[in-house]
Amino acid sequence: MRIISPSTLEKRILIGISGGIAAYKVCEIVSTLAKAGADVRVILTDSAQKFITPLTFATLSRQSAYTDQDFWQSTHGRPLHIQLGEWADVFLIAPLTANTLAKLATGLADNLLTNTVLASSCPVLMAPAMNRQMWKQVSVQRNWQTLLLDPRFQAITPTVGILACDLPATKAGNSLIEGAGRMAEPKQILAHLDSLLHTQGKRDLDGKRVLISAGGTREHLDPVRFIGNPSTGKMGLALAQAAIHRGASVTLVYGPMSTELLAALPEVKLVSVISSEEMHQEMIQRFPQADLTVMAAAVGDVKPAIYSEDKLPKHLLPTELPLKPIVDIVAELGKIKQPHQQLVGFAAQTGEILKPAQDKLHQKNLDAIVANPIDLPDAGFGTETNQAIFLSRQGRKLEIAACSKLQLAHQLFDFISLTVDD
């Protein structure tokens, strides 16, 4: 189930649809937002209506869906594009075709969608979709880069995947092709909309290099048995998403987790590890280049003292398992942290969470820490929501009620920013 953050509720979201087969994906976006309590309005170009009808979106949004017929025959009193432009809190254009992209890049306004973009001042999120050869054209890339120079416009670049266009004949005959140009999936677009509604387009991490650890580690006894924990890595992934949406260059060092979750991070540099030793090596190697590091991974504290290269027969399994300590990664990072760097840790606790987090904050030379209760039903491992208490080295404290993990990630970055200002 997709968790929509409180920032989405009662927000005014305008969605522009241009002519591409990916228009069908926008149905899920509109439906999800409307069910979550957002006020959603949809504009379709004439070409979009060749793929999907205004009635579909009017039904899903519980609002009228607008077309050029409404624009040229408006009976709304004030011009419709002015009303919609002033009304919107955020504007999504999906799919964004090469044609509509060219119009926006040059300020051309010849239909309701493009006129409304020019009449609005809210953040605009663009999700292109087109044939891979079209996307690679110099003229298309020039238009794309031109739009991205405007801070109003934010992008979800197309991904690599199966496209709805046929290759010339091959040995296997005609087939669908795979290449860059596929529109981002609805979950990815919804997450970016959540972020925009929180930040209002602010990119305060632009140019920053952010290093994040996520997921749990596995400490093997033999090739098939290990000591681990229930961490799914969802909090770390939410932090990576939020940082990307705020303009950062992000590296995510992650323990074993779902490939489906990782697919939502096409712009993140992904580094896979299994054991705490591997995570320690990667974090130590990459830490000097990072401006901000968030240690959200649930790293083990102990590991088997003996490892067998072969699977142990059941009758040879030890009845008592000798253990040895694991290196404290965040403490090691705290020892080598430079004045220009920020280091944030997590303290996953049951029962009393504040005192252990305060001790960890100071003992490990952290700039901030997230005290995270893992014994509550809406927080901790595997949940879609989380809650926490943020603490800073300067003594600031902020309690975060249960919310989506993406929303908590944004509030953490806001807290870190204020901590720096102090």
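What follows is a conversation about the chain, its sheet, its cysteines and its annotated sites.

Modeller: This is a predicted model, in which local features need pLDDT of at least 70 and side-chain atom pairs count only at pLDDT 80 or more, while totals for chains, interfaces and linings use all residues. Residues are numbered from 1 along each chain as its sequence is written, and side-chain values use heavy atoms, with hydrogens and water left out.

Biologist: How many helices and strands are there in the chain?

Modeller: Helices (H or I, at least four residues) and strands (E, at least two) are taken as DSSP runs and numbered from the N terminus. Counted in this way, the chain has 15 helices and 20 strands.

Biologist: What is the radius of gyration of the chain, as against what the globule rule gives?

Modeller: The radius is taken over C-alpha atoms, and the globule rule is 2.2 Å times the number of residues to the power 0.38. For 422 residues the rule gives 22 Å, and the chain comes close to that, so it is as compact as a globular protein of that length, with a radius of gyration of 24 Å.

Biologist: In the open sheet of 6 strands, what is the order, and which strands stand at the edges?

Modeller: Two strands pair if DSSP finds at least two bridges between them. The pairing in this sheet is parallel, and the order is β3-β2-β1-β4-β5-β6. One side of each edge strand is left without a neighbour in the sheet because each has a single partner strand, and these strands are β3 (65-66) and β6 (153-155).

Biologist: How many bridges join β1 to β4, and which residue is the bridge partner of glycine 16?

Modeller: Strand β1 (residues 12-17) and strand β4 (residues 90-96) run parallel and are joined by 4 bridges. The partner of glycine 16 lies in β4 and is isoleucine 93.

Biologist: Is cysteine 27 buried or exposed, and how many disulfides does the count come to?

Modeller: Buried means under 20% relative accessible area, exposed over 50%, and partly exposed in between (1.4 Å probe, protein chains only). Cysteine 27, at 17% relative accessibility, counts as buried, and cysteine 122 is buried too, at 6%. A disulfide is a covalent bond between the sulfur atoms of two cysteines. With a disulfide taken as a pair of cysteine sulfur atoms within 2.5 Å, the count comes to 0 disulfides.

Biologist: Where does UniProt place the feature "binding site", and how far is it spread in space?

Modeller: UniProt positions are given in the numbering used here, feature names are shortened, and annotations may be inferred rather than shown by experiment. The unreviewed entry places the feature at Asp301, Lys311, Phe346, Lys360 and Lys364. These positions cover 64 residues of sequence and are also spread in space, up to 37.5 Å between C-alpha atoms.

Biologist: Is aspartate 301 buried or exposed, and which residues is it in contact with beyond its sequence neighbours?

Modeller: Aspartate 301 sits in the loop between β14 (292-295) and β15 (302-304), and its relative accessible area of 63% makes it exposed. Contact means heavy atoms within 4.5 Å. Leaving aside neighbours within four places in sequence, aspartate 301 is in contact with Lys324, Pro325 and Ile326.

Biologist: Is lysine 364 buried or exposed?

Modeller: Lysine 364 is found in the loop between α14 (354-363) and β18 (368-373). Apart from its neighbours within four places in sequence, lysine 364 is in contact with Asp328, Val330, Ala331 and Gly334. Its relative accessible area is 17%, so lysine 364 is buried.
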